[in-house]
Amino acid sequence: MRRLTTTATLLLALGLAGSGTAPAVAAPTAGAPRPAAAGHPDGAALSRALDAVIAQGVPGAVAEVREDGRVWRGASGVADLSGRPARADDRFRAGSVTKTFVATVVLQLVAEGRIALDDPIGRHLPGLIPAGADGAEVTVRQLLGHTSGIPNYTDVLRRQPDPIRALQHSAYTPRDLVAMALREPRAFDPGAPGHWQYSNTNYVVLGLLIERAGGHSLGREIERRVIRPLRLADTLVPAGSDLPGRHLNGYEWLDGPGAAPTDLTEFSAGAFWGPGNMISTAADLNRFQQALSDGRLLPPRLLREMREMRDTDRAGRSYGLGVEANTTVCGMTEGPVRGHSGSVPGYNTYSFASADGRRQIALAVNVDLTKTGGADEAIGRVLATALCRPAPPAHPAP
């Protein structure tokens with residue numbers, strides 16, 4: 001039981017990895033009624049879909065859906081196991097949705113001429129990343145798109161005894177995380193044709209690049225370039241382990257489904273620095289994604305670069321520069337949804353828009369690594385309800 005849990009523990013990829021063991025707890029009751037602003041046509045279906053996630057043993061879920069100017073906000077279940085109801089405006093850990101913020105700041109630095117996408121990283125951070133066996137240096141573009149071949153530091157951490165609890169109270173620096181990864185063999189040489197591998201280390205390096213090229217801390221650069229201009233009042237890059245303000249508590253059943261859950265709400269600020277350390281709300285994530293799509297954060301040529309997708313290690317999923325496209329939600333005929341998902345201990349987050357850009361969802365639940373396969377399927381139905389066009393009504397046979 002523990003082995004299944006810890007094997008899944010620190011993949012921390014796109015939030016779509018297979019779940020580990022499940023919490024055997026009674027499903028919490030649904031939270032307060034969810035308003036359907038401006039008569040959103042899918043409000044009732046979205047409420048039912050969110051409640052179905054809770055019925056699969058997830059403590060709490062929060063979401064915001066936007067379509068053609070209409071907004072639906074919903075919550076179901078509990079924010080903490082003492083019984084406090086979840087609310088749609090609760091904060092949560094955004095996990096790898098952070099990568100899209102980091103990529104946006106990197107591309108802003110490209111727009112300003114401070115760096116170039118095809119710069120070798122050694123030009124800006126000399127000596128940090130050695131060249132590949134073929135002599136090729138890792139470039140900024142390869143870091144953004146996970147084609148660098150740099151090993152994933154979380155693969156190293158998951159081999160530790162009781163890795164989640166050890167990581168919760170850790171004090172790693174960004175350079176510690178990079179050094180840890182570089183002791184592992186490379187997956188492939190930088191930019192090797194046909195190769196792609198998700199690595200959180202890439203975004204630790206990009207965080208260091210932002211600090212060097214931008215002249216301020218990673219948190220301050222994200223704040224002044226994205227958070228403040230968009231007035232994302234509930235989004236922050238934490239400096240400590242706490243999760244301030246009203247929030248979802250994060251849980252995992254690390255000792256098996258019959259044991260008490262572990263509260264992982266407080267977590268080391270350095271554990272996922274760069275690839276997954278931001279805190280946000282559903283409304284703020286939607287505002288960010290909308291501003292990105294509307295061209296308020298990047299010039300058109302760099303937005304196109306961000307959205308230039310390449311195949312990954314999973315059918316139906318492709319990856320650009322800090323953003324993914326996925327055809328498994330709505331199917332090939334409707335086109336891929338685009339955005340990012342996040343997975344850190346205690347939290348699973350999704351921030352996506354439909355292929356035509358008309359529909360958006362930000363969704364978070366307060367368990368990740370030990371939720372059931374049934375919970376993953378229920379989450380998929382929430383995403384599909386929000387993002388996919390409804391099937392046309394059947395016509396009666398003549």
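Visitor: Why does glutamate 112 count as partly exposed?

Guide: Buried means under 20% relative accessible area, exposed over 50%, and partly exposed in between (1.4 Å probe, protein chains only). Glutamate 112 has 43% relative accessibility, so it counts as partly exposed. This is a predicted model, in which local features need pLDDT of at least 70, side-chain atom pairs count only at pLDDT 80 or more, and totals for chains, interfaces and linings use all residues. Residues are numbered from 1 along each chain as its sequence is written, and side-chain values use heavy atoms, with hydrogens and water left out.

Visitor: What makes arginine 225 buried?

Guide: Its relative accessibility is 8%, so arginine 225 counts as buried.

Visitor: Why is the contact of arginine 225 with glutamate 112 called a salt bridge?

Guide: A salt bridge needs a side-chain nitrogen of Lys or Arg within 4 Å of a carboxyl oxygen of Asp or Glu. Here the closest N and O atoms are 2.7 Å apart. Arginine 225 lies in helix α9 and glutamate 112 in the loop between α3 and α4, so the pair ties together parts 113 residues apart in sequence.

Visitor: How do you know that the rings of tryptophan 196 and tyrosine 319 are tilted?

Guide: Rings of Phe, Tyr and Trp (its six-membered ring) pair if their centres lie within 6.5 Å; planes under 30 degrees apart count as stacked, over 60 as edge-to-face and the rest as tilted. These centres are 5.9 Å apart and the planes stand at 50°, so the pair is tilted.

Visitor: What makes the pair of phenylalanine 267 and phenylalanine 272 stacked?

Guide: The angle between their planes is 20°, with 5.7 Å centre to centre.

Notes: Helix = DSSP H or I, 4+ residues; strand = E, 2+ residues; numbered from the N terminus.
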